[in-house]
Every structure is written in C-alpha cells, then in structure tokens.
Amino acid sequence: MIYSDLVWHRRQWDQLQTAVRAGRLAHAHLFHGPAGSGKEGHALELGALLNCRSPRDGTACGLCDSCLKMATLQHPDLHIVVPLPRRNPLDKHDPPLKALRPADVQNLQAQLQAKGSDPYHKVALEGAHSILINSIRELRRTAALKPAEGGWRVILIFDAEKLAQPTPAAANALLKLLEEPPPQTVFILVTDRPNLLPPTIHSRCLRLHFPALPHAGAKAYIISRYNLDPTDADVLIHTCGGNLHLARQVLASGERGSLGGAADDLLEALLQVKPRHWERLVNDLAQLWRRQPAELHYRLQMLQLWFRDLLVLSQTGSGEKLIFGHRREQLQRHLDTFPRALWGVAALAVESGQSLLERQVNPALLLTNLILDIRQAMKGREAPRVGSLAAPAGPA
Amino acid sequence: MKFTIQKSTLQGALQQLGKVVPSRSTLPILSSVLLSAKDGRLSLRATDLEISQIITVDAVMSAEGEVAVPQRTFLEITSEMPEGELTFEVQKNNQVQLTTAFGTYSIMGKPAAEYPSLPSVDRQQAVEIEGKLLRRVIDKTAFAVSRDDLKPSLMGVLFRFQEDNFIAVATDSHRLVRYTYHEPPKGGYVGDNIIPVKFLNILTAYLENVDMVTFNIGENHIMVQSGDTELYTRIIEERFPDYETVFPQDNDKKLVVEREEFLSAVRRVSIFSNRTTHQISLKLGADGLNLSTEDAETVSAAQEQVKGVFDGEELMIGYNANYLRDVISHLDSDTVKAEFSSAVSAAIFYSEQQREGEELTMLLMPIRLSE
Ligand SMILES: [Zn+2]
C-alpha cells in the first residue's frame with residue numbers, strides 16, 4: 001500500500017483487487033459516497049496496485065519504484081484531473097494550466113504533494129467551480145500516446161460532478177474517451193454527488209459506493225495524525241459524521257488557535273444585524289461563495305457545529321461532549337441570550353442551506369432565507385424557508 | 001559530485017533543454033534538469049513526461065554523482081557568468097556550489113531520485129537517416145498535422161518504413177501530405193509509427209549540420225540520436241487512417257502554373273477574404289486561373305488573373321486561402337501542377353519537377369462556395 005493510514009473499505013477493496021487479479025477490471029469506475037470517506041485514497045491505491053512490480057496481499061507493495069512514484073503522485077502514467085479556476089482566458093488548444101496564475105500553479109503543486117502524504121487531503125483551489133474542458137482535451141491528447149512506463153495508465157478525476165458544471169461540456173468531451181478507452185487504461189471518477197453527473201457518464205462507469213467511514217477507523221486515523229486525545233477524537237468524528245475532510249478542517253482551524261473562529265464573524269453578524277443591514281451581509285456572503293466557495297462552506301460548517309454545541313450544552317448542561325469546549329463561556333452566553341432558541345433547527349437550516357448552495361440555487365436569495373430561518377430558530381420559531389427552496393430543484 | 005566545465009558549454013546545453021522543460025506543470029521536479037556525472041562525461045536531461053532530451057558534454061570530472069537543478073535559475077546564473085571555466089560541486093543536502101574566477105555561488109538542488117526515469121528504448125530496432133533528409137521530411141509534412149484532440153491519430157506524422165522505401169504522411173483531414181523517399185532506409189527496420197508533431201519541431205533544430213541520425217524504435221518510445229543529443233518521445237498509439245484510398249485516380253482537369261506567381265496572388269487576394277472562412281475562389285479556364293474573394297462583412301473584394309496552362313472543362317472551386325497557401329508554399333519547384341475533378345472533390349498538388357529520389361504530393365479539400 002502507498003498510504004500508511006488509509007482506512008480501508010474492505011468489501012470494496014476486495015472487489016477491486018479480485019478484479020485486478022482476474023484481469024477483469026472495468027475500464028471505468030465511479031467511486032461515490034459521502035465526502036471524506038477515502039474514495040480518492042482508494043483510487044490512488046488501485047492505481048498503485050495496477051502498476052506495482054511486486055504486489056503483496058492484494059495491495060501495492062509501496063516500495064518498488066512504481067509505488068514510490070505513485071505515492072508521491074509523480075508517476076508519469078498517473079493523470080489526476082481536478083477542478084481549476086479560470087483566471088486567464090483559454091484558447092481551444094491551450095493546456096489547462098494556462099488558466100492559472102503562477103501562484104495557483106504553486107498552490108496546486110503543494111496540494112498534490114499534500115495529497116501524496118495524506119489520503120484525506122482535499123485538493124481544492126480557490127475559485128475552482130468546474131473541470132475545464134481543456135483538461136479533458138489534454139487528457140484525450142495524452143491518452144493517445146503510448147504509456148510512459150509501459151504499465152497501466154491511471155486517470156483519476158476528482159470532484160467529477162464538476163465535469164457537468166456549469167455546463168456538461170467537459171462531461172461530453174470525456175464521453176468519447178470512456179466509449180473508446182485506450183488499451184491498458186483505467187478511469188476512476190470520484191464524486192460525493194453522483195446525481196449531478198449526466199446519465200451518459202453513469203452508464204459507462206461501474207459504480208462503487210464508499211459509505212461514511214466506520215467510527216473506529218476514522219478515530220485511528222485522527223489519533224495517529226493529530227495525536228488527539230481519544231475522547232476528543234470520538235467527539236470530533238461523531239460530529240463530523242465520519243467525514244475526514246471536515247475533521248481535518250476543524251483540526252486545522254484548531255491549530256490556528258481558533259477552533260470555530262471562522263464562524264465568529266458570521267455568528268456575530270447574525271446575532272446583531274438589523275434587517276436593513278441584511279442586504280450587505282447577504283451580498284458579502286454571496287460574493288464569498290463566488291470567489292471562495294470552500295471558505296463559505298467551511299464557515300457554514302463551523303456555524304452548524306457551533307449550533308450543535310449549543311444544542312448539546314443546552315440539553316446536557318455539561319461541557320464534556322463539546323467540540324468548542326475551550327469556548328464554553330461564549331457558548332453559555334449565547335444560551336443565556338436566546339433561552340427559547342431551537343438550536344437543532346438552526347443547525348439543520350445551515351445544513352440544508354449548504355447542500356442547496358451546491359445545486360446553484362440563486363445564492364443571494366438562498367442566503368437571505370437562511371439568515372431568516374436561523375434568526376427565527378434563535379427566537380424559538382420554526383420557519384423552514386430554506387427548505388421550501390428545495391421544491392423546484394427536486395428532492396434532496 | 002564535482003566537475004569543471006566551460007561556462008559556455010554548460011550554458012548552451014541548458015538553453016537547448018529549455019525547449020523541453022515545461023513552463024507550467026503539476027510536478028515541480030519537471031522544472032529542473034538532471035545532471036549526471038559518470039564515466040568522465042557529464043549528461044544533462046530534461047523531460048515533460050512526453051518528450052525527454054539528454055545532452056552529453058565534455059567536463060573534467062573530480063567526483064561522480066547526480067543532482068537535479070532548476071533549469072531557469074541555473075541558466076540565468078550561467079548566462080551572467082564570465083567566459084571560462086566554472087566548477088560545480090554538490091555539497092550536503094543537494095546544495096550546489098558554483099565557483100568561478102570571480103566568486104562562489106550557491107543554489108539548492110533536488111535529489112536525483114525524484115527525477116522521472118529515462119524511457120527505456122532497446123536499440124535493436126533502428127534506422128539511419130541523413131539529417132538533411134529528415135529535416136526536409138519534417139519541413140514538408142509537419143505543417144499539415146491536425147490539432148484536433150478528437151482525432152489523436154492525426155496529431156502526429158506517420159513514419160512508414162518499408163522494405164524498399166520510406167513514406168511520411170500528415171493530414172488534418174482538410175489537407176494531406178505524402179512524402180515518399182525511394183530508397184530503403186538503412187538498418188532494416190520495417191514498421192509504422194505516428195510521431196507527435198511537438199517532438200518533430202524540437203528535433204528539426206538538431207538536424208541542420210548533422211550527417212546521419214539514428215531512429216531507435218522501442219515499445220512505447222522513439223529515440224533519435226544525433227551527435228551528443230538524444231531525444232525521446234512517446235509514440236501515438238492509434239491507427240493512422242488509410243491515406244492511399246483518399247488519393248483520387250481520375251482527376252482529369254490539369255493546371256500548370258508558376259509557383260511564385262500563384263503563391264503571391266493567393267497571399268494578396270486572401271487579405272480581402274472573410275476572417276473566419278478565409279474563403280477564396282479559383283476559376284479555372286483556358287487562360288489559367290482567376291482568383292477572387294468577397295467579404296460581405298467588411299465590404300471588401302479582390303480578384304487576380306494568374307497565367308497558366310489549363311487542360312479540361314472550366315471549373316469554379318473554393319478553398320480556405322490559408323490551406324491553399326500552405327500547400328503551395330511547401331512545394332519547391334518553379335512550376336506547380338494541380339489536378340482537379342469537381343468543385344466538391346479533393347485536388348492533387350505537386351511539383352512539376354520532383355527532386356531526385358523523392359515524391360512529394362499534397363491533397364487539398366475544397367470548401368463549398370457560399371453565394
Ligand atoms: Zn510496488
């Protein structure tokens with residue numbers, strides 16, 4: 001294996017490695033399932049296994065020269081496609097990286113390096129809302145070349161749902177490759193939101209579901225990586241629902257000394273803002289969504305966790321199970337200010353707001369409704385405005 | 001690792017490798033070149049994972065070893081250094097120290113182990129070609145290669161080595177070039193390979209003053225060795241379309257025309273053509289041909305008469321002026337022959353006097369004339 005602390009999904013892996021051994025591996029896979037469950041890590045392990053010189057116990061050896069290159073994501077036959085921001089205009093024949101500024105390229109290099117050492121690192125560039133069609137064009141061009149090392153060509157497409165955003169152009173460009181794949185080539189599309197991919201892509205891929213991580217596995221990862229107290233790790237994983245991307249974000253912000261700090265501005269604004277100031281708050285947030293969607297997600301996630309802590313604290317009166325235990329005083333102050341608040345309802349409102357943002361609902365309208373919902377919940381009233389927006393977009 | 005080298009030698013090699021080093025890549029190591037000091041020789045290598053280049057140069061070795069150094073930085077440093085010798089030494093942790101008569105300079109290298117490995121090409125299957133000939137083949141074919149990634153087989157030049165001749169073909173499905181050399185290539189290799197045009201464009205610079213080059217054909221790569229330079233490329237793994245069947249057999253309308261005159265008329269008239277379609281019309285008749293264009297968008301028009309000999313029924317045919325210009329300018333005799341059939345079928349263009357030992361033929365598809 002190339003990752004020392006990937007939490008294995010045994011059943012899924014057995015299915016894959018049995019197919020490899022029998023020479024019956026499908027040429028295109030769709031790994032789907034909740035965020036932070038290790039889909040990308042398994043995809044990389046599969047690529048490593050295919051090219052490993054001496055596999056052991058159904059996994060890559062992790063030691064041969066092929067495995068070493070796979071482990072650092074530097075194997076010449078490994079192609080990783082990720083969403084990219086479009087900072088510069090692109091001509092039809094331009095390489096996709098031309099869309100980036102030099103700082104973005106460096107950031108991408110650094111993130112790929114981080115991915116090589118941590119299966120749960122999420123490669124995410126600011127402003128990267130779609131997989132550029134130029135990335136698929138480049139893929140088509142290089143896929144026509146003989147493999148560099150003579151083994152398997154491994155093509156990984158992360159955040160594959162972004163092939164279809166904002167238009168299905170990149171997805172359509174990929175179709176022909178999936179229909180007539182080059183020899184010795186395996187495609188693995190990875191997504192948390194398979195329903196955003198067009199049926200034409202689905203029908204050409206073998207689907208493999210990766211459920212949320214089992215608690216024990218996720219806990220072992222968190223403890224070994226972050227040297228966290230086992231009780232803290234329990235709380236964290238429980239709250240993050242096994243999503244290790246999220247858990248890592250929470251911990252990263254904790255390292256900055258402000259676990260939950262990212263939500264502070266948002267929270268303060270929510271607590272104080274007068275209706276006439278909402279427009280500005282909403283505009284600021286909508287702009288953040290356009291420029292740095294990950295950052296807005298992160299803040300909303302923190303806000304949601306904060307509401308959960310308020311719920312836990314109000315029900316148990318104890319600081320034991322709190323994520324933001326180190327800010328208990330502030331939590332208590334919020335409880336005292338809003339004695340009738342429905343914190344669980346507020347947390348749910350944030351959660352559904354987040355998932356709707358992903359579906360490209362009008363963000364300003366959505367955020368306005370979200371703020372109204374949260375404020376209603378803080379006053380002890382339930383008024384599911386955000387939820388009502390879900391109707392035209394179809395069931396969640 | 002330690003060696004002493006003429007600064008101009010090092011600078012020259014770094015400059016050449018700059019053509020292979022990618023300007024942007026997700027792999028930071030690719031912005032470096034790999035220096036290997038071994039057996040009294042210094043080799044420098046660059047790669048973009050598709051094309052690799054090795055240049056071997058003379059240096060005085062004190063200690064063998066390998067290190068990767070950032071190409072651009074290293075080139076900038078050497079460019080600013082005075083002529084004469086410089087000493088290159090790798091210290092702890094891949095720290096590189098350069099010493100000249102003026103001072104010492106230090107830059108950070110990377111471990112050689114991080115550098116991509118060299119493609120393996122066994123040298124069993126090979127052909128030898130004259131540098132001049134190969135350069136001519138590339139010059140005559142590369143322009144017609146397709147840029148359309150939906151037809152990857154057309155994104156390179158087909159090199160067909162046969163028992164008694166050697167053929168190179170390129171097409172973007174609007175035009176097609178076939179170059180035939182009527183002598184068997186030396187070395188005995190027989191086979192087809194589609195070679196990416198990017199590689200050929202880099203290679204051609206190395207062929208100017210070279211007698212013979214060796215084409216080594218491996219499983220996945222081709223390596224061309226020319227003097228102290230080795231260039232590797234991955235081969236396009238596709239079937240090239242059957243080009244012979246597209247050559248028309250019964251084009252009975254024949255035109256003979258002065259090449260330079262034809263070419264300059266096309267150049268002039270095309271300036272007035274539509275910016276998107278570049279459409280120009282050729283009216284072929286007894287006096288030769290009449291070139292004309294009209295662009296409704298910019299309200300511009302042009303027409304010119306070019307003297308020539310035309311044998312056959314009158315014909316009006318439309319072309320993309322850029323493609324027509326490319327075809328005529330890549331022929332090299334004083335007079336051009338062209339054979340037509342109809343306004344919707346391919347015409348053949350070739351030199352009236354072919355060079356000895358070779359045959360260069362071009363096909364051009366017309367475009368439908370809009371009224
Ligand atoms: Zn291995």
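**Note on the predicted two-chain model**

1. B:Val299 sits in the loop of chain B that runs between β20 (288–295) and β21 (300–311). Helices (H or I, at least four residues) and strands (E, at least two) are DSSP runs, numbered from the N terminus. The phi of B:Val299 is near 50 degrees, a positive value in a residue other than glycine. B:Val299 is exposed, because its relative accessible area is 76%. Exposed means over 50% relative accessible area, buried under 20%, and partly exposed in between (1.4 Å probe, protein chains only).

2. Ground rules. This is a predicted model, where local features need pLDDT of at least 70, side-chain atom pairs count only at pLDDT 80 or more, and totals for chains, interfaces and linings use all residues. Residues are numbered from 1 along each chain as its sequence is written, chains are lettered from A and ligands numbered from 1 in the order in which they are written, and side-chain values use heavy atoms, with hydrogens and water left out.

3. Chain B overall. Chain B carries six helices and 25 strands. Its C-alpha trace spans about 80 × 50 × 35 Å along the principal axes. Of the 371 residues in chain B, 55% are buried. Take the contacts of chain B (heavy atoms within 4.5 Å) with a separation of 6 or more: residues 24 or more positions apart account for 66% of them.

4. Surface and charge of chain B. The accessible surface is about 17100 Å², and carbon and sulfur atoms hold 45% of it. Such areas come from the Shrake-Rupley method with a 1.4 Å probe; for residues, only the protein chains shown count as cover. Chain B has 36 positive and 54 negative side chains. Lys and Arg count as positive and Asp and Glu as negative, while His and the chain ends are not counted. The centres of the two sets lie 4 Å apart, with each charge placed at NZ of Lys, CZ of Arg, CG of Asp or CD of Glu.

5. The interface. Chain B brings 25 residues to the contact and chain A brings 27. Together the two chains bury about 2500 Å², 53% of it on carbon and sulfur atoms. On the chain B side, B:Arg24, B:Arg234 and B:Glu237 lose the most area to chain A, together 27% of what that side buries. Buried area here is the accessible area (1.4 Å probe) that two parts lose on being put together, summed over both.

6. Helix α2 (residues 39–51) has 13 residues and reaches 19 Å from first C-alpha to last, close to the 18 Å expected at 1.5 Å a residue. The expected span is 1.5 Å times one less than the number of residues. In α2(A), 13 of 13 residues are buried. Helix α15 (residues 343–358) should span 22 Å with its 16 residues, and its end C-alpha atoms are 23 Å apart, which agrees. Buried residues of α15(A) include A:Trp343, A:Val350 and A:Leu357.

7. Backbone points to check in chain A. A:Gln165 and A:Pro166 are joined by a cis peptide bond, with omega about 0 degrees. A:Pro166 belongs to the loop between β3 (153–157) and α6 (169–179). A:Leu73 is not a glycine, yet its phi is positive, about 60 degrees. A:Leu73 lies in the loop between α3 (65–71) and β2 (78–81). A:Leu73 counts as buried because its relative accessibility is 7%.

8. A:Ala212. This residue is in the loop between β5 (206–209) and α8 (215–226) of chain A. At 36% relative accessibility, A:Ala212 counts as partly exposed. Leaving aside residues up to four places away in sequence, A:Ala212 touches A:His9, A:Pro34, A:Ser37 and A:Gly241.
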